[in-house]
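Reader: I would like to learn how to read a few features of this model. Where do we begin?

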Amino acid sequence: MSEKSRQNRSNEELASGNLNRLIFSMAIPTIVAQLINILYNIVDRIYIGHIHGVGASALTGVGIALPVITLISAFSAFVGMGGAPLSSIWYGKGDKEHAEKILGNGTSLLLVFSVLLMLVFYIWQKPLLYAFGASSDTIGYASVYLSWYLLGTFSVELALGLNTYIIAQGDSRTAMLSVLIGAILNIVLDPLFIFVFHMGVQGAAIATILSQTVSAVWVVKFLTGKKAVLKIRLKYLKLDIKIIKNICALGISPFVMRATESLISIVMNRGLQKYGGDLYVGSLTIMQSVMQLMSAPLGGFTQGVQPIISYNFGAGNFERVRQTYRKMIGICGGFSFASTLLVMIFPAIFAKMFTGDMDVITLVSKKMPLFMCGMLLFGVQMAIQPTFLALGQAKISLFIAMLRKVILLVPLAIILPLFMGVNGVYLAEPVSDFVSAGTAMALFYFNINKILSKESLDKIQ
């Protein structure tokens, strides 16, 4: 099939294809991709937690390194989720050249971020890890894992950041394959390096960066090849200040969502270390891992649906936008409620996935229902915020992200333990989830009709 034919077919599907079929054909690959992407780190934690004799301490150490790993992925989201919706909107407007300029500038920005992140975290690694809640028993594991992981910064940024541009042009299946290839390799290499070669935590990190490198090569090869509708072209790699500004304006919201996960881990790790100790820090690593497993399908689903909203918004087809976001909100809300209920009823089953230490399992079983209950309602917010993002509404999307994590969760995680001890750290999560979800629903109700107008569309640059 020629490039022109592929482009016309993609346009027709996004604009007028059967909506239910289109949503699931685009969302299922991105759901699988998100789940697999989470497995990069989750599989590491599962294997590390079962290393004989040191599994609990090693798992806690890797958990302390997670804020840095999360921050690295936040920069990929900054470029990918900031630029990809814009690229999709301009593609919907019929300006393929400008859509490719956005892709080219995004690629260059990811390379710049990779260099800066490697330098900063190598130089200040140990002071940061101690500040994040490391103890003398866990600093060694955290430092070893992070040192090796940083070597793969370029691969992580390109693999995660550019994959969203593949989804933006309607090819979510290829995007899924790019993640799938790396994840399968990681699942195979992890036990080989950890247990066969006896490399422990170091082996887990090496397996991860090798796998991410394969994914990055796959993504770049596709976006420079014949099958891509929107391609990386050398002439568009030169940074354009106006395009960078627009990417940053829209990307700040997903960046804050990811980066504040890092901040939350730091604040909670320090609080749990102060009021409980290493055992409590280890419990948080497991509970956040379970929360990631629950959130990944929702993130994948919304990421797959976003191009439908963005393209049709760019084309002025507002009724199709409404039909799409209504389905997305209903599906996300139902899934979040059901999966959270399952975790709250059977917490020990999920804890045993990550460790065989009965003290940790018992603690997680007691605290998981409290920590997770806010997710009963949070799926609605996870649909609303990407909808604002897909419509180019950077300010509202940023406020929702800031509200939950910076305005509510971080202060609550500091203040509540002063009155409730260690339970206050766990309670901060559901309180912020309920309040921010309610606020997101109110903002959506009062703003959506004004956003879906020609005047609003004309303001998108």
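Author: Start with a definition. A salt bridge is a side-chain nitrogen of Lys or Arg within 4 Å of a carboxyl oxygen of Asp or Glu. Here, Arg404, Glu429 and Asp433 are linked in a network of salt bridges. A caution on the source: this is a predicted model, where local features need pLDDT of at least 70, side-chain atom pairs count only at pLDDT 80 or more, and totals for chains, interfaces and linings use all residues. Residues are numbered from 1 along each chain as its sequence is written, and side-chain values use heavy atoms, with hydrogens and water left out.

Reader: What is the general idea behind such pairs, and how many salt bridges does the rule give?

Author: Side chains of opposite charge can pair when their charged atoms come close. By the rule above, the count is 5 salt bridges.

Reader: Take Asp433 and Arg404. Which helices hold them?

Author: Their side chains meet in a salt bridge at 2.7 Å, N to O. Asp433 sits in helix H17 (residues 422-451) and Arg404 in helix H16 (residues 394-420). The two are 29 residues apart, so the pair links distant parts of the chain. Helices here are DSSP runs (H or I, at least four residues), as strands are (E, at least two), numbered from the N terminus.

Reader: Is Asp433 buried or exposed?

Author: First the cut-offs. Buried means under 20% relative accessible area, exposed over 50%, partly exposed in between (1.4 Å probe, protein chains only). Asp433 is buried, at 0%. Arg404 is buried too, at 5%.

Reader: Now helix packing. What describes it?

Author: Two packed helices are described by the angle between their axes and the distance between the axes. Axes are lines fitted to C-alpha atoms, for helices over the stretch in contact, and angles run from 0 to 180 degrees between N-to-C directions. Take H4 (residues 96-123) and H10 (residues 241-275): their axes come within 10 Å and cross at roughly 80°.

Reader: What is helix H7 like?

Author: Compare its span with the expected one, which is 1.5 Å times one less than the number of residues. H7 (residues 153-168) has 16 residues and reaches 23 Å from first C-alpha to last, close to the 22 Å expected. H7 is mostly covered, with 15 of its 16 residues buried. Just after H7, Gly170 takes a positive phi of about 85°.
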